[in-house]
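Please look through the sequence and the model below before reading on. The paragraphs that follow go through the structure one part at a time.

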Amino acid sequence: MLSVKLHPEAEEELFQDAAWYDDQRTGLGDAFLEEVYRWFDIIAEAPQVWPLWPGVPGDVSPPVQRVVADRFPYKIGYQELPDHVLVVAVAHSSREPLYWAGRITQ
């Protein structure tokens with residue numbers, strides 16, 4: 001199983017969004033983080049099984065793959081590197097597509 005590391009900007013957006021959810025209802029931010037971390041564990045077990053993120057150029061190597069969270073409207077974009085998985089985005093589904101593309105490792 002690979003370790004999961006977050007791009008600094010992805011980590012920042014993750015915690016900002018968790019704080020926003022907690023402002024909406026106490027404890028909801030924690031539930032959001034639990035959901036995202038659960039997906040991190042799933043990704044770490046088998047990162048190669050998830051589909052490519054649509055719209056990312058095909059020549060990006062390693063490719064950007066994604067999972068769609070169950071409970072919250074978020075997509076997690078990541079790249080499988082030799083020694084870890086790099087999460088480049090924890091993106092709300094309503095955000096501008098590929099706003100995070102500058103974080104991609106090539």
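**Helix α1 and what surrounds it**

In helix α1, the residues that count as buried are A10, E13, L14, D17, A18 and Y21. Viewed along the axis of α1, these buried residues fall within an arc of 135°, so they line one face of the helix. The model shown here is a predicted one.

Which exposed residues sit on the face of α1 turned away from its buried side? They are P8 and D23. The buried side, in turn, is covered by parts of the chain that include β1 (3–6), α2, β3 (74–80) and β4. As for its length, α1 has 17 residues and spans 25 Å from its first C-alpha to its last, close to the 24 Å expected at 1.5 Å a residue.

The model has nine aromatic pairs. In one of them, the ring centres of Y21 and F32 are 5.2 Å apart and the planes meet at 35°, so the pair is tilted. This pair links distant parts of the chain, since Y21 belongs to helix α1 (residues 8–24) and F32 to helix α2, eleven residues apart. Y21 has a relative accessible area of 8%, and it is buried because the limit is under 20%. F32 is buried too, at 0% relative accessibility. Both Y21 and F32 belong to one aromatic cluster, together with W20, F72 and Y74.

Leaving aside residues up to four places away in sequence, V36 touches L14, I76 and V90.

The next stop is the loop between α2 and β2, where Q48 is found. Is Q48 buried or exposed? Its relative accessibility is 53%, and Q48 counts as exposed because the limit is over 50%. Q48 touches Q65 and E80, not counting residues up to four places away in sequence. Q48 and R66 are 18 residues apart in sequence, and their C-alpha atoms are 10 Å apart in space.

P62 is found in the loop between α2 (28–45) and β2 (64–68) as well. A cis peptide bond joins S61 and P62, with omega about 0°.

The phi angle of L98 is near 60°, a positive value in a residue other than glycine. L98 is partly exposed, with a relative accessible area of 26%. Finally, the charged end of R95 sits over the ring of Y99, 3.7 Å from the centre of that ring.

Notes
Residues numbered from 1 in each chain as written. Predicted model: local features only at pLDDT ≥ 70, side-chain atom pairs only at ≥ 80, totals over all residues. Heavy atoms only, no water. Helix = DSSP H or I, 4+ residues; strand = E, 2+ residues; numbered from the N terminus. Buried < 20%, exposed > 50% of the residue type's maximum accessible area, 1.4 Å probe, protein only. Phe/Tyr/Trp six-rings, centres within 6.5 Å; stacked < 30°, edge-to-face > 60°. Lys NZ or Arg CZ within 6 Å of the ring centre and 35° of its normal. Expected span 1.5 Å × (residues − 1). Arc of directions from axis to C-beta. Contact = heavy atoms within 4.5 Å.
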